[in-house]
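Me: Hi! Could you walk me through this structure in plain words?

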Amino acid sequence: MIIYFLIFSILSFLAYKEIHNPKPLDVKSYIFLILLFSVFIGLKKEIGCDWGAYKDIFNLSNCATNTGDIDLCNKFKISSTYEYLNFKEIGFSSINLIINKLGGNLYFSNYFFSLLFIIPILNFCSSFKRPFLAILVSFPYLITVIGIGTIRQSIAIAFLMVGFNALNKNRFYKYYLLNLFAILFHYSSSIFIFLPFLFLKKRSINLKYINKFLFFLFLILVFAFLIFKNNYIFHQLNGYLNYREAISLKSPLIVWSMISFPAIFILINYEDYKKDDKNKFWKNYSIIGVLMIFSIFFNPIISLRLMLYFLPIKIYALSNLPRIRKFRDFPKYAYFIIIIISLSILTIWLNFANHSYCYLPYKNLLLN
């Protein structure tokens with residue numbers, strides 16, 4: 001458990017240093033953070049509740065060349081490259097297959113995927129005035145729990161986070177490109193192709209171009225679906241809708257609370273936030289985040305998956321807390337509050353979460 005608190009302490013120190021003199025991340029900071037988190041996430045060993053599943057997914061890539069375990073290949077009915085690419089999201093499957101053919105193993109794959117997650121996260125956090133504070137807020141749940149555990153969706157979330165910055169600056173084509181990358185790693189992110197319509201004015205000149213681009217993107221997705229005859233989407237959706245075991249509302253409610261309280265804080269203090277929110281993206285996204293409470297009672301599993309995409313609200317709200325009028329003259333108090341909140345989330349999750357046992361004790365290739 002000590003490794004989690006050690007990294008948290010390092011991030012707290014770096015964040016505290018920027019209280020009175022916040023600066024953008026420089027090259028040295030980027031390199032240090034990329035190495036730190038890629039080793040922490042990418043070189044993990046038997047960590048995360050889906051470790052066994054991801055190990056099987058990588059080993060199944062051998063079935064594409066008829067060199068895999070026969071029982072495993074037969075169990076999942078994979079005997080060709082086509083069937084393997086169709087097994088999970090095509091972006092994730094393709095990279096696993098390429099790494100395997102180049103002679104890499106599961107750890108090479110994990111390390112590469114960790115870079116696809118952490119680099120966009122750092123890019124998103126660097127867009128704020130206090131990047132280290134944003135990274136500190138990201139660490140307890142988004143980086144630790146989601147980044148280590150849900151590899152495919154974590155990458156989708158990271159790409160969409162960069163897309164949110166693009167959308168806030170009216171860079172719609174960049175947003176859709178990033179959204180497309182996200183879809184390649186987790187199909188749940190496809191619902192966000194409609195997100196720009198929530199922030200466009202009816203007479204916006206961009207609306208016509210977005211309609212054309214959206215139609216073009218829709219054709220690409222339909223074409224890909226017909227080519228691969230992807231039953232995985234329907235299999236996943238059917239699993240969510242007809243899950244046999246009763247799902248507790250505890251997990252989605254906890255995630256919703258991590259979203260809703262910062263979202264409500266943004267809405268109450270929007271006068272202090274609107275300077276960096278010219279397109280009112282974060283205001284409208286916060287409203288949607290609060291309203292996600294209703295999705296929990298429709299389907300807890302689907303709700304939980306979708307609410308993970310709203311975690312950036314917490315990062316935006318807390319990393320800008322020192323700029324709020326109430327804390328502007330006392331930034332140290334804002335930092336103290338954020339550190340206490342973040343430390344509490346990390347401590348409570350590691351000690352009391354239902355799935356924390358999958359993360360403890362922490363094991364890494366370099367610690368052998």
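**A first look around**

Reply: Happy to! Let's begin with S138, which is found in helix α8 (residues 131-149); helices here are DSSP runs of H or I of at least four residues, and strands are runs of E of at least two, numbered from the N terminus. Before going on, note that this is a predicted model, where local features need pLDDT of at least 70, side-chain atom pairs count only at pLDDT 80 or more, and totals for chains, interfaces and linings use all residues. Residues are numbered from 1 along each chain as its sequence is written, and side-chain values use heavy atoms, with hydrogens and water left out.

Me: Okay, is S138 buried or exposed?

Reply: S138 is buried, with a relative accessible area of 1%. Buried means under 20% relative accessible area, exposed means over 50%, and partly exposed is in between (1.4 Å probe, protein chains only).

Me: What is S138 in contact with?

Reply: Leaving aside neighbours within four places in sequence, S138 is in contact with C125, I143 and I315. Contact means heavy atoms within 4.5 Å.

Me: Zooming out, how many helices and strands does the chain have?

Reply: The secondary structure comes to 19 helices and 0 strands. The chain has 368 residues, and 52% of them count as buried. Among contacts with a separation of 6 or more, 76% are between residues 24 or more positions apart.

Me: How do α6 and α7 pack?

Reply: Two packed helices are described by the angle between their axes and the distance between the axes. Helix α6 (residues 90-101) and helix α7 (residues 106-125) pack at about 135°, with axes 10 Å apart. The axes are lines fitted to C-alpha atoms, for helices over the stretch in contact, and angles run from 0 to 180 degrees between N-to-C directions. That makes α6 and α7 oblique to each other. As for the cut-offs, angles under 35 degrees count as roughly parallel, over 145 as roughly antiparallel, 65 to 115 as roughly perpendicular and the rest as oblique.

Me: Which way does α6 pass α7, and which residues make the contact?

Reply: α6 passes α7 in a right-handed crossing. A crossing is right-handed if the near helix is turned clockwise from the far one by less than a right angle, and left-handed if anticlockwise. F92, I95, N96 and I99 of α6 make the contact with F108, S109, F112, F113 and L116 of α7. Sorted by class, this contact of α6 with α7 has 7 nonpolar, 2 polar and no charged residues. Here Ala, Val, Leu, Ile, Met, Phe, Trp, Tyr, Cys and Pro count as nonpolar, Asp, Glu, Lys and Arg as charged, and the others, Gly among them, as polar.

Me: And what about α13 and α17?

Reply: Helix α13 (residues 250-268) and helix α17 (residues 300-307) pack at about 30°, with their axes 9 Å apart. They are therefore roughly parallel to each other. Here α13 passes α17 in a left-handed crossing. From α13, S251, P252, V255, W256 and I259 meet P300, L304 and M307 in α17. By class, the contact of α13 with α17 has 7 nonpolar, 1 polar and no charged residues.

Me: Which residues of α13 are buried?

Reply: They are P252, V255, W256, M258, I259, S260, P262, A263 and I266. As background, an α-helix has 3.6 residues a turn, so residues three or four places apart point the same way.

Me: New topic: where is D277, and what does D277 touch?

Reply: D277 is found in the loop between α14 (270-273) and α15 (281-291). D277 is buried, with a relative accessible area of 2%. Not counting residues up to four places away in sequence, D277 touches N168, Y270, W282, K283 and Y316. D277 and N168 are 109 residues apart in sequence, and their C-alpha atoms are 7.0 Å apart in space.

Me: Which residue has a positive phi of about 55°?

Reply: That is E46, although E46 is not a glycine. E46 lies in the loop between α2 (27-42) and α3 (51-59), and at 43% relative accessibility E46 counts as partly exposed. N170 also has a positive phi, of about 65°, and is not a glycine. Its place is in the loop between α9 (151-168) and α10, and N170 is partly exposed at 39% relative accessibility.

Me: Last one: which residues does a cis peptide bond join?

Reply: A cis peptide bond joins L360 and P361, with omega about -10°. P361 is in the segment after α19 (331-352).
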